Amino acid sequence: MAETQPIDLKGRPYNHLAFIWTLLAGTFTMSISQSSLSTAYPTLMHYFNIPASTVQWLTTGFMLVMVVMMPVSPWLLNNLRFPVLFMSMLALFDVGTFIIYLATSFPMMMLGRVMEAMAVGVMFPSYQTVMLRITPEDKRGGVMGFAGLVMGSALAVGPIISGIVLKYTTWQGLFVVFMLIITVVFVLSLKTIKDVMPQHTSRLDYLSVVGSLGFIGILYVVNQIGKAGVNWGLQGTLLVVSLLLVTFFVWRQFHVDTPLLELRVLKTFNFDLAVLLTGTSYIALIVVTIIFPLYYQTVLGLSPFASGMSLVPGAVLLSLLNPVTGHLADKIGFKGTMLTGMGMIVVGWALLVLMPGKQPLFSMILIAALIEGGNAFVMMPAVTLGANSLPDNLISHGTAVITTVRQILGSTGVAVATLILAMVTASHKATTTAANANLAGYRAVFMTFLVVSIVGFIFAAMLRDGRKTKAQG
(Lines give C-alpha, C1' and ligand atoms only; values in the text may rest on other atoms or scores of the structure.)
Protein backbone atom coordinates (compact mmCIF):
# COMPACT_ATOMS: atom_id res chain seq x y z
CA MET A 1 0.00 0.00 0.00
CA ALA A 2 2.89 2.31 0.75
CA GLU A 3 3.93 2.14 -2.92
CA THR A 4 0.56 3.40 -4.10
CA GLN A 5 0.30 6.27 -1.62
CA PRO A 6 0.30 9.58 -3.51
CA ILE A 7 3.22 11.95 -3.04
CA ASP A 8 3.52 15.69 -3.60
CA LEU A 9 6.16 17.45 -5.72
CA LYS A 10 8.67 17.22 -2.84
CA GLY A 11 8.23 13.46 -2.61
CA ARG A 12 6.24 13.59 0.63
CA PRO A 13 3.15 11.36 1.00
CA TYR A 14 -0.21 13.02 1.55
CA ASN A 15 -3.81 11.98 2.20
CA HIS A 16 -5.45 11.87 -1.24
CA LEU A 17 -9.01 11.69 0.13
CA ALA A 18 -8.52 14.60 2.56
CA PHE A 19 -7.01 16.66 -0.26
CA ILE A 20 -10.03 16.05 -2.54
CA TRP A 21 -12.60 16.61 0.22
CA THR A 22 -11.03 19.95 1.20
CA LEU A 23 -10.79 21.03 -2.45
CA LEU A 24 -14.44 20.15 -3.10
CA ALA A 25 -15.68 21.67 0.18
CA GLY A 26 -14.25 25.06 -0.79
CA THR A 27 -15.52 24.94 -4.37
CA PHE A 28 -18.91 23.56 -3.27
CA THR A 29 -19.44 26.46 -0.84
CA MET A 30 -18.54 28.95 -3.56
CA SER A 31 -21.03 27.23 -5.89
CA ILE A 32 -23.82 27.49 -3.31
CA SER A 33 -23.10 31.21 -2.82
CA GLN A 34 -23.58 31.69 -6.56
CA SER A 35 -26.83 29.71 -6.92
CA SER A 36 -28.62 30.56 -3.66
CA LEU A 37 -28.62 34.36 -3.77
CA SER A 38 -31.72 34.71 -5.99
CA THR A 39 -33.83 33.54 -3.03
CA ALA A 40 -32.78 36.71 -1.18
CA TYR A 41 -33.56 39.14 -4.02
CA PRO A 42 -36.90 40.42 -2.61
CA THR A 43 -35.28 41.00 0.78
CA LEU A 44 -32.31 42.83 -0.76
CA MET A 45 -34.59 44.98 -2.97
CA HIS A 46 -36.42 46.15 0.13
CA TYR A 47 -33.26 46.58 2.24
CA PHE A 48 -31.36 48.72 -0.32
CA ASN A 49 -34.51 50.23 -1.90
CA ILE A 50 -33.51 49.12 -5.41
CA PRO A 51 -35.52 47.66 -8.34
CA ALA A 52 -35.30 44.06 -9.61
CA SER A 53 -33.23 45.18 -12.62
CA THR A 54 -30.52 46.44 -10.24
CA VAL A 55 -30.47 43.56 -7.78
CA GLN A 56 -30.03 41.08 -10.66
CA TRP A 57 -26.54 42.51 -11.16
CA LEU A 58 -25.53 40.50 -8.09
CA THR A 59 -25.83 37.46 -10.37
CA THR A 60 -25.17 38.99 -13.82
CA GLY A 61 -22.07 40.89 -12.64
CA PHE A 62 -20.87 37.78 -10.80
CA MET A 63 -21.12 35.75 -14.02
CA LEU A 64 -19.32 38.38 -16.13
CA VAL A 65 -16.36 38.58 -13.73
CA MET A 66 -16.22 34.78 -13.52
CA VAL A 67 -15.93 34.45 -17.30
CA VAL A 68 -13.00 36.86 -17.59
CA MET A 69 -11.11 35.15 -14.71
CA MET A 70 -11.43 31.63 -16.17
CA PRO A 71 -8.84 32.11 -18.96
CA VAL A 72 -6.38 33.49 -16.36
CA SER A 73 -6.60 30.33 -14.21
CA PRO A 74 -4.01 28.25 -16.20
CA TRP A 75 -1.43 31.04 -15.83
CA LEU A 76 -2.08 31.21 -12.08
CA LEU A 77 -1.79 27.41 -11.74
CA ASN A 78 1.52 27.49 -13.62
CA ASN A 79 3.01 30.41 -11.69
CA LEU A 80 1.80 29.89 -8.11
CA ARG A 81 2.21 26.88 -5.86
CA PHE A 82 -1.22 25.29 -5.60
CA PRO A 83 -1.54 25.62 -1.78
CA VAL A 84 -0.79 29.35 -2.15
CA LEU A 85 -3.30 29.74 -5.01
CA PHE A 86 -6.05 27.76 -3.25
CA MET A 87 -5.71 29.57 0.08
CA SER A 88 -5.42 32.96 -1.67
CA MET A 89 -8.73 32.33 -3.46
CA LEU A 90 -10.36 31.21 -0.20
CA ALA A 91 -9.10 34.37 1.49
CA LEU A 92 -10.29 36.57 -1.40
CA PHE A 93 -13.73 34.94 -1.26
CA ASP A 94 -13.84 35.29 2.54
CA VAL A 95 -12.90 38.99 2.46
CA GLY A 96 -15.48 39.64 -0.29
CA THR A 97 -18.14 37.86 1.76
CA PHE A 98 -17.20 39.91 4.84
CA ILE A 99 -17.56 43.14 2.81
CA ILE A 100 -21.04 41.98 1.74
CA TYR A 101 -21.90 41.27 5.40
CA LEU A 102 -20.87 44.83 6.34
CA ALA A 103 -22.47 46.43 3.26
CA THR A 104 -24.54 49.54 3.96
CA SER A 105 -25.07 50.29 0.25
CA PHE A 106 -25.60 48.29 -2.93
CA PRO A 107 -22.25 49.38 -4.54
CA MET A 108 -20.44 48.09 -1.45
CA MET A 109 -22.27 44.77 -1.73
CA MET A 110 -21.44 44.64 -5.44
CA LEU A 111 -17.73 45.09 -4.61
CA GLY A 112 -17.91 42.04 -2.35
CA ARG A 113 -19.66 40.03 -5.08
CA VAL A 114 -16.94 40.96 -7.60
CA MET A 115 -14.27 39.68 -5.18
CA GLU A 116 -16.24 36.45 -4.68
CA ALA A 117 -16.62 36.04 -8.45
CA MET A 118 -12.87 36.48 -9.02
CA ALA A 119 -12.21 33.60 -6.62
CA VAL A 120 -14.89 31.39 -8.15
CA GLY A 121 -13.74 32.16 -11.72
CA VAL A 122 -10.24 30.93 -10.86
CA MET A 123 -11.33 27.93 -8.76
CA PHE A 124 -13.94 26.39 -11.07
CA PRO A 125 -11.46 25.40 -13.82
CA SER A 126 -8.60 24.88 -11.33
CA TYR A 127 -10.30 22.31 -9.10
CA GLN A 128 -11.10 20.16 -12.14
CA THR A 129 -7.54 20.49 -13.46
CA VAL A 130 -6.00 19.48 -10.13
CA MET A 131 -8.32 16.50 -9.63
CA LEU A 132 -7.59 15.27 -13.15
CA ARG A 133 -3.86 15.78 -12.66
CA ILE A 134 -3.58 13.79 -9.41
CA THR A 135 -5.79 10.91 -10.62
CA PRO A 136 -4.62 8.05 -12.90
CA GLU A 137 -6.30 8.21 -16.31
CA ASP A 138 -8.20 4.93 -15.88
CA LYS A 139 -9.82 6.25 -12.66
CA ARG A 140 -10.59 9.80 -13.76
CA GLY A 141 -14.18 9.08 -14.76
CA GLY A 142 -15.08 7.87 -11.26
CA VAL A 143 -13.29 10.72 -9.48
CA MET A 144 -14.84 13.39 -11.71
CA GLY A 145 -18.21 11.69 -11.25
CA PHE A 146 -17.77 12.11 -7.51
CA ALA A 147 -16.88 15.76 -8.11
CA GLY A 148 -20.06 16.06 -10.18
CA LEU A 149 -22.10 14.63 -7.28
CA VAL A 150 -20.73 17.22 -4.87
CA MET A 151 -21.01 20.16 -7.27
CA GLY A 152 -24.34 19.07 -8.77
CA SER A 153 -25.92 18.79 -5.34
CA ALA A 154 -25.28 22.53 -4.90
CA LEU A 155 -28.19 23.04 -7.31
CA ALA A 156 -30.47 21.18 -4.91
CA VAL A 157 -29.22 22.38 -1.53
CA GLY A 158 -28.42 26.01 -2.45
CA PRO A 159 -32.02 27.27 -2.49
CA ILE A 160 -32.89 25.06 0.50
CA ILE A 161 -30.03 26.38 2.66
CA SER A 162 -30.77 30.01 1.75
CA GLY A 163 -34.48 29.48 2.38
CA ILE A 164 -33.83 28.04 5.85
CA VAL A 165 -31.29 30.74 6.79
CA LEU A 166 -33.53 33.56 5.57
CA LYS A 167 -36.46 32.14 7.52
CA TYR A 168 -34.62 32.32 10.84
CA THR A 169 -32.26 35.27 10.36
CA THR A 170 -31.53 38.32 8.17
CA TRP A 171 -29.92 38.21 4.71
CA GLN A 172 -26.57 38.90 6.38
CA GLY A 173 -26.91 35.53 8.13
CA LEU A 174 -26.60 33.80 4.76
CA PHE A 175 -23.15 35.30 4.25
CA VAL A 176 -22.12 34.52 7.83
CA VAL A 177 -22.73 30.84 6.98
CA PHE A 178 -20.50 31.12 3.87
CA MET A 179 -17.78 32.93 5.86
CA LEU A 180 -17.76 30.30 8.60
CA ILE A 181 -17.53 27.38 6.16
CA ILE A 182 -14.80 28.99 4.02
CA THR A 183 -12.81 29.88 7.17
CA VAL A 184 -12.99 26.24 8.35
CA VAL A 185 -11.91 25.06 4.88
CA PHE A 186 -9.01 27.56 4.97
CA VAL A 187 -7.80 26.15 8.31
CA LEU A 188 -8.12 22.56 7.04
CA SER A 189 -6.26 23.41 3.83
CA LEU A 190 -3.17 24.35 5.86
CA LYS A 191 -2.88 20.63 6.63
CA THR A 192 -4.51 18.85 3.69
CA ILE A 193 -3.73 20.84 0.51
CA LYS A 194 -0.31 19.94 -0.88
CA ASP A 195 1.88 21.14 -3.73
CA VAL A 196 0.89 18.74 -6.54
CA MET A 197 0.96 20.99 -9.63
CA PRO A 198 4.36 21.57 -11.30
CA GLN A 199 5.10 25.23 -12.05
CA HIS A 200 6.09 26.64 -15.44
CA THR A 201 6.69 30.28 -14.63
CA SER A 202 6.08 32.91 -17.29
CA ARG A 203 5.20 36.60 -17.61
CA LEU A 204 1.51 37.45 -17.61
CA ASP A 205 0.51 38.67 -21.08
CA TYR A 206 -1.48 41.76 -20.17
CA LEU A 207 -2.59 42.37 -23.77
CA SER A 208 -4.28 38.95 -23.72
CA VAL A 209 -6.04 39.90 -20.49
CA VAL A 210 -7.31 43.09 -22.17
CA GLY A 211 -8.50 41.03 -25.16
CA SER A 212 -10.33 38.60 -22.87
CA LEU A 213 -12.49 41.50 -21.64
CA GLY A 214 -14.37 41.04 -24.91
CA PHE A 215 -16.01 37.94 -23.38
CA ILE A 216 -17.61 40.22 -20.75
CA GLY A 217 -18.97 42.52 -23.48
CA ILE A 218 -20.42 39.64 -25.50
CA LEU A 219 -22.09 38.09 -22.45
CA TYR A 220 -23.43 41.47 -21.34
CA VAL A 221 -25.08 42.09 -24.75
CA VAL A 222 -26.44 38.53 -24.82
CA ASN A 223 -28.08 39.14 -21.44
CA GLN A 224 -29.86 42.23 -22.80
CA ILE A 225 -31.75 40.12 -25.37
CA GLY A 226 -35.48 40.16 -24.71
CA LYS A 227 -35.33 43.05 -22.20
CA ALA A 228 -37.45 46.16 -22.68
CA GLY A 229 -36.04 49.63 -23.34
CA VAL A 230 -32.59 48.51 -24.48
CA ASN A 231 -30.53 50.99 -26.54
CA TRP A 232 -29.56 48.62 -29.34
CA GLY A 233 -27.41 51.23 -31.09
CA LEU A 234 -25.15 51.35 -28.04
CA GLN A 235 -25.39 47.58 -27.49
CA GLY A 236 -24.53 46.93 -31.14
CA THR A 237 -21.43 49.09 -30.84
CA LEU A 238 -20.43 47.28 -27.64
CA LEU A 239 -20.93 43.92 -29.37
CA VAL A 240 -18.71 44.89 -32.33
CA VAL A 241 -15.95 46.17 -30.00
CA SER A 242 -16.22 43.01 -27.88
CA LEU A 243 -16.01 40.72 -30.93
CA LEU A 244 -12.91 42.62 -32.11
CA LEU A 245 -11.33 42.20 -28.65
CA VAL A 246 -12.06 38.45 -28.64
CA THR A 247 -10.67 38.15 -32.19
CA PHE A 248 -7.50 39.90 -31.01
CA PHE A 249 -7.38 37.61 -27.96
CA VAL A 250 -7.60 34.48 -30.15
CA TRP A 251 -5.01 35.80 -32.64
CA ARG A 252 -2.59 36.67 -29.86
CA GLN A 253 -2.77 33.20 -28.28
CA PHE A 254 -1.28 31.78 -31.48
CA HIS A 255 1.43 34.46 -31.82
CA VAL A 256 3.09 34.68 -28.39
CA ASP A 257 5.57 32.23 -26.86
CA THR A 258 3.59 31.75 -23.65
CA PRO A 259 -0.11 32.33 -24.39
CA LEU A 260 -2.48 33.17 -21.57
CA LEU A 261 -4.77 30.36 -22.80
CA GLU A 262 -3.29 27.64 -25.02
CA LEU A 263 -5.92 27.47 -27.77
CA ARG A 264 -3.90 24.88 -29.68
CA VAL A 265 -5.82 22.34 -27.61
CA LEU A 266 -8.64 22.96 -30.11
CA LYS A 267 -6.59 21.14 -32.76
CA THR A 268 -7.50 17.85 -31.02
CA PHE A 269 -10.70 16.43 -32.53
CA ASN A 270 -11.96 14.60 -29.43
CA PHE A 271 -11.30 17.66 -27.28
CA ASP A 272 -13.37 19.84 -29.64
CA LEU A 273 -16.25 17.38 -29.39
CA ALA A 274 -15.89 17.32 -25.59
CA VAL A 275 -16.18 21.14 -25.52
CA LEU A 276 -19.30 21.05 -27.71
CA LEU A 277 -20.87 18.20 -25.71
CA THR A 278 -20.35 19.80 -22.32
CA GLY A 279 -21.76 23.01 -23.83
CA THR A 280 -24.91 21.44 -25.30
CA SER A 281 -25.61 19.45 -22.12
CA TYR A 282 -25.11 22.56 -19.97
CA ILE A 283 -27.49 24.52 -22.21
CA ALA A 284 -30.15 21.84 -21.60
CA LEU A 285 -29.51 21.92 -17.83
CA ILE A 286 -29.57 25.70 -17.38
CA VAL A 287 -32.59 26.18 -19.68
CA VAL A 288 -34.50 23.63 -17.59
CA THR A 289 -33.58 25.41 -14.35
CA ILE A 290 -34.67 28.80 -15.75
CA ILE A 291 -37.61 27.98 -18.08
CA PHE A 292 -39.32 25.20 -16.11
CA PRO A 293 -39.97 27.39 -13.01
CA LEU A 294 -41.46 30.03 -15.34
CA TYR A 295 -43.73 27.33 -16.83
CA TYR A 296 -44.78 26.22 -13.35
CA GLN A 297 -45.70 29.79 -12.40
CA THR A 298 -47.25 31.17 -15.61
CA VAL A 299 -48.97 28.01 -16.90
CA LEU A 300 -49.59 25.88 -13.79
CA GLY A 301 -50.06 28.79 -11.35
CA LEU A 302 -47.52 27.62 -8.74
CA SER A 303 -45.91 29.98 -6.24
CA PRO A 304 -42.23 30.92 -6.74
CA PHE A 305 -41.26 28.77 -3.72
CA ALA A 306 -43.19 25.72 -4.99
CA SER A 307 -41.77 26.11 -8.50
CA GLY A 308 -38.25 26.26 -7.09
CA MET A 309 -38.80 23.18 -4.92
CA SER A 310 -40.13 21.33 -7.99
CA LEU A 311 -36.60 21.46 -9.41
CA VAL A 312 -35.11 19.61 -6.43
CA PRO A 313 -35.92 16.02 -7.61
CA GLY A 314 -34.09 16.59 -10.90
CA ALA A 315 -31.11 18.19 -9.17
CA VAL A 316 -30.91 15.32 -6.66
CA LEU A 317 -31.03 12.75 -9.50
CA LEU A 318 -28.27 14.66 -11.32
CA SER A 319 -26.12 14.51 -8.17
CA LEU A 320 -26.73 10.82 -7.53
CA LEU A 321 -26.08 9.75 -11.14
CA ASN A 322 -22.78 11.65 -11.48
CA PRO A 323 -20.58 9.07 -9.70
CA VAL A 324 -22.39 6.22 -11.49
CA THR A 325 -21.81 7.73 -14.91
CA GLY A 326 -18.18 8.45 -14.06
CA HIS A 327 -17.48 4.78 -13.31
CA LEU A 328 -19.53 3.81 -16.37
CA ALA A 329 -17.30 5.95 -18.59
CA ASP A 330 -14.22 4.23 -17.13
CA LYS A 331 -15.71 0.78 -17.83
CA ILE A 332 -17.64 0.97 -21.12
CA GLY A 333 -16.06 4.05 -22.64
CA PHE A 334 -17.04 7.68 -23.08
CA LYS A 335 -18.87 7.32 -26.38
CA GLY A 336 -21.52 4.91 -25.08
CA THR A 337 -21.95 6.90 -21.87
CA MET A 338 -22.44 10.22 -23.62
CA LEU A 339 -24.70 8.76 -26.34
CA THR A 340 -26.90 7.51 -23.50
CA GLY A 341 -26.96 10.94 -21.86
CA MET A 342 -27.66 12.90 -25.04
CA GLY A 343 -30.34 10.32 -25.91
CA MET A 344 -32.06 11.00 -22.56
CA ILE A 345 -31.92 14.75 -23.19
CA VAL A 346 -33.34 14.33 -26.72
CA VAL A 347 -36.20 12.13 -25.41
CA GLY A 348 -36.97 14.70 -22.67
CA TRP A 349 -37.35 17.61 -25.10
CA ALA A 350 -39.17 15.38 -27.63
CA LEU A 351 -41.79 14.41 -25.03
CA LEU A 352 -42.45 18.09 -24.35
CA VAL A 353 -42.86 18.76 -28.09
CA LEU A 354 -45.02 15.70 -28.85
CA MET A 355 -47.39 15.86 -25.86
CA PRO A 356 -50.13 18.41 -26.66
CA GLY A 357 -51.63 20.98 -24.29
CA LYS A 358 -50.80 21.90 -20.72
CA GLN A 359 -48.63 19.33 -18.90
CA PRO A 360 -49.36 18.38 -15.27
CA LEU A 361 -46.69 19.16 -12.67
CA PHE A 362 -45.82 15.49 -12.10
CA SER A 363 -44.96 14.84 -15.76
CA MET A 364 -42.95 18.09 -15.96
CA ILE A 365 -40.92 17.04 -12.90
CA LEU A 366 -40.25 13.62 -14.47
CA ILE A 367 -39.17 15.19 -17.79
CA ALA A 368 -36.93 17.68 -15.95
CA ALA A 369 -35.36 14.73 -14.08
CA LEU A 370 -34.85 12.90 -17.41
CA ILE A 371 -33.06 15.88 -18.97
CA GLU A 372 -30.98 16.59 -15.86
CA GLY A 373 -30.19 12.88 -15.49
CA GLY A 374 -28.98 12.88 -19.08
CA ASN A 375 -26.71 15.80 -18.22
CA ALA A 376 -24.99 13.59 -15.62
CA PHE A 377 -24.04 11.17 -18.43
CA VAL A 378 -22.49 13.97 -20.49
CA MET A 379 -21.02 16.95 -18.62
CA MET A 380 -18.34 15.51 -16.31
CA PRO A 381 -17.53 12.58 -18.66
CA ALA A 382 -17.01 15.18 -21.42
CA VAL A 383 -14.60 17.14 -19.18
CA THR A 384 -12.73 13.89 -18.41
CA LEU A 385 -12.63 12.85 -22.08
CA GLY A 386 -11.33 16.28 -23.03
CA ALA A 387 -8.54 15.98 -20.43
CA ASN A 388 -7.67 12.44 -21.54
CA SER A 389 -7.29 13.73 -25.11
CA LEU A 390 -4.57 16.20 -24.02
CA PRO A 391 -1.05 15.86 -22.61
CA ASP A 392 -0.88 16.57 -18.86
CA ASN A 393 0.79 19.96 -19.32
CA LEU A 394 -2.22 21.22 -21.31
CA ILE A 395 -4.99 19.95 -18.99
CA SER A 396 -5.25 23.30 -17.15
CA HIS A 397 -5.71 25.12 -20.47
CA GLY A 398 -8.23 22.50 -21.63
CA THR A 399 -10.43 22.78 -18.55
CA ALA A 400 -10.29 26.60 -18.74
CA VAL A 401 -11.43 26.47 -22.39
CA ILE A 402 -14.25 24.04 -21.56
CA THR A 403 -15.44 26.05 -18.53
CA THR A 404 -15.36 29.38 -20.38
CA VAL A 405 -17.17 28.06 -23.48
CA ARG A 406 -19.73 26.27 -21.30
CA GLN A 407 -20.52 29.47 -19.39
CA ILE A 408 -20.90 31.51 -22.60
CA LEU A 409 -23.07 28.87 -24.33
CA GLY A 410 -25.23 28.44 -21.22
CA SER A 411 -25.85 32.18 -20.94
CA THR A 412 -26.60 32.38 -24.67
CA GLY A 413 -29.02 29.45 -24.35
CA VAL A 414 -30.98 31.19 -21.59
CA ALA A 415 -31.07 34.46 -23.56
CA VAL A 416 -32.31 32.67 -26.70
CA ALA A 417 -34.95 30.75 -24.71
CA THR A 418 -36.19 33.96 -23.06
CA LEU A 419 -36.31 35.79 -26.40
CA ILE A 420 -38.21 32.99 -28.19
CA LEU A 421 -40.66 32.69 -25.30
CA ALA A 422 -41.39 36.43 -25.31
CA MET A 423 -41.65 36.83 -29.10
CA VAL A 424 -43.81 33.76 -29.81
CA THR A 425 -46.10 34.46 -26.85
CA ALA A 426 -46.59 38.09 -28.00
CA SER A 427 -47.27 37.04 -31.62
CA HIS A 428 -50.06 34.65 -30.53
CA LYS A 429 -51.81 36.98 -28.08
CA ALA A 430 -53.69 38.77 -30.88
CA THR A 431 -55.29 35.56 -32.16
CA THR A 432 -55.86 33.41 -29.07
CA THR A 433 -56.21 33.47 -25.28
CA ALA A 434 -53.33 34.44 -23.01
CA ALA A 435 -53.08 30.85 -21.74
CA ASN A 436 -52.80 29.42 -25.26
CA ALA A 437 -50.31 32.13 -26.23
CA ASN A 438 -48.13 31.15 -23.26
CA LEU A 439 -48.30 27.49 -24.26
CA ALA A 440 -47.30 28.37 -27.84
CA GLY A 441 -44.29 30.29 -26.50
CA TYR A 442 -43.11 27.41 -24.35
CA ARG A 443 -43.69 24.91 -27.17
CA ALA A 444 -41.43 26.99 -29.45
CA VAL A 445 -38.73 26.95 -26.74
CA PHE A 446 -39.04 23.16 -26.36
CA MET A 447 -38.76 22.66 -30.14
CA THR A 448 -35.66 24.89 -30.33
CA PHE A 449 -33.81 22.95 -27.67
CA LEU A 450 -34.91 19.61 -29.10
CA VAL A 451 -32.97 20.64 -32.22
CA VAL A 452 -29.96 21.70 -30.08
CA SER A 453 -29.99 18.35 -28.24
CA ILE A 454 -30.19 16.39 -31.54
CA VAL A 455 -27.08 18.26 -32.70
CA GLY A 456 -25.44 17.26 -29.39
CA PHE A 457 -26.40 13.62 -30.01
CA ILE A 458 -24.68 13.82 -33.41
CA PHE A 459 -21.55 15.20 -31.70
CA ALA A 460 -21.59 12.20 -29.31
CA ALA A 461 -21.91 9.80 -32.26
CA MET A 462 -18.80 11.36 -33.83
CA LEU A 463 -16.60 10.65 -30.79
CA ARG A 464 -13.50 8.53 -31.13
CA ASP A 465 -13.35 6.48 -27.95
CA GLY A 466 -9.61 6.05 -27.90
CA ARG A 467 -8.95 6.74 -24.24
CA LYS A 468 -5.24 6.12 -24.62
CA THR A 469 -4.81 8.39 -27.64
CA LYS A 470 -3.35 11.72 -26.65
CA ALA A 471 -2.51 14.87 -28.50
CA GLN A 472 1.16 15.44 -29.05
CA GLY A 473 2.31 18.40 -27.05
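This is a predicted model: local features need pLDDT of at least 70, side-chain atom pairs count only at pLDDT 80 or more; totals for chains, interfaces and linings use all residues.
The side chain of Glu116 is joined to the side chain of Arg113 by a polar contact of 3.0 Å.

A search of the whole structure finds one cavity of 30 Å³ or more, and about 70 Å³ of space lies in the largest cavity. Its lining is made up of Leu77, Asn78, Thr129, Arg133, Met197, Pro198, His200, Asp392, Asn393 and Ser396. Sorted by class, the residues of this lining are three nonpolar, five polar and two charged.

From the cavity we can turn to a pocket. The second largest pocket has a volume of about 380 Å³, and 16 residues line it, with His16, Ile20, Thr135, Pro136 and Val143 lying nearest its centre. Two helices, α1 (16–35) and α8 (140–168), each supply at least two residues of the lining of this pocket. The classes of the lining residues are 10 nonpolar, five polar and one charged.

The next stop is the aromatic rings. A pair of such rings is described by the distance of the centres and the angle of the planes. Across the whole structure, a search finds 21 aromatic pairs, and one of them is formed by Phe48 and Trp171, a tilted pair with 5.8 Å from centre to centre and 50 degrees between the planes. Phe48 lies in helix α2 (residues 41–48) and Trp171 in helix α9 (residues 171–192), so this pair ties together parts that are 123 residues apart in sequence. Both Phe48 and Trp171 are buried.

Another pair brings together Tyr295 and Phe446, whose ring centres are 6.2 Å apart and whose planes stand at 45 degrees, so this pair is tilted. Since Tyr295 lies in helix α12 (residues 269–298) and Phe446 in helix α19 (residues 434–461), the pair ties together parts that are 151 residues apart in sequence. Tyr295 counts as buried at 2% relative accessibility, and Phe446 is buried as well, with a relative accessible area of 5%. These two residues also belong to a cluster, in which ring pairs link Phe292, Tyr295, Tyr296, Trp349, Tyr442, Phe446 and Phe449. A ring can also have a charge over it, as with Tyr282, where the charged end of Arg406 sits over the ring at 5.9 Å from its centre.

The walk ends in helix α9, which holds Thr183 as well as Trp171. Is Thr183 buried, partly exposed or exposed? Its relative accessibility is 36%, and Thr183 therefore counts as partly exposed, the class between under 20% and over 50%. Thr183 and Ala91 are 92 residues apart in sequence, and in space they are 8.1 Å apart from C-alpha to C-alpha. The side chain of Thr183 is also joined to that of Asp94, through a polar contact of 2.8 Å.

Technical notes. Residues are numbered from 1 along each chain as its sequence is written. Side-chain values use heavy atoms; hydrogens and water are left out. On a 1 Å grid over the protein atoms alone, a cavity is a set of points where a 1.4 Å probe fits but cannot get out, and a pocket is an open set with protein on both sides within 12 Å along at least five of seven lines; lining residues have an atom within 4 Å of a point. Grid points are joined across faces, edges and corners, and a volume is the space filled by probe spheres set on the points. Helices (H or I, at least four residues) and strands (E, at least two) are DSSP runs, numbered from the N terminus. Ala, Val, Leu, Ile, Met, Phe, Trp, Tyr, Cys and Pro count as nonpolar, Asp, Glu, Lys and Arg as charged, and the others, Gly among them, as polar. Rings of Phe, Tyr and Trp (its six-membered ring) pair if their centres lie within 6.5 Å; planes under 30 degrees apart count as stacked, over 60 as edge-to-face and the rest as tilted. Buried means under 20% relative accessible area, exposed over 50%, partly exposed in between (1.4 Å probe, protein chains only). A charge sits over a ring if NZ of Lys or CZ of Arg is within 6 Å of the ring centre and within 35 degrees of the ring normal. A polar contact is a pair of N or O atoms within 3.5 Å; within protein, one must be able to donate a hydrogen and the other to accept it, and residues adjacent in sequence count only if both atoms are side-chain atoms.
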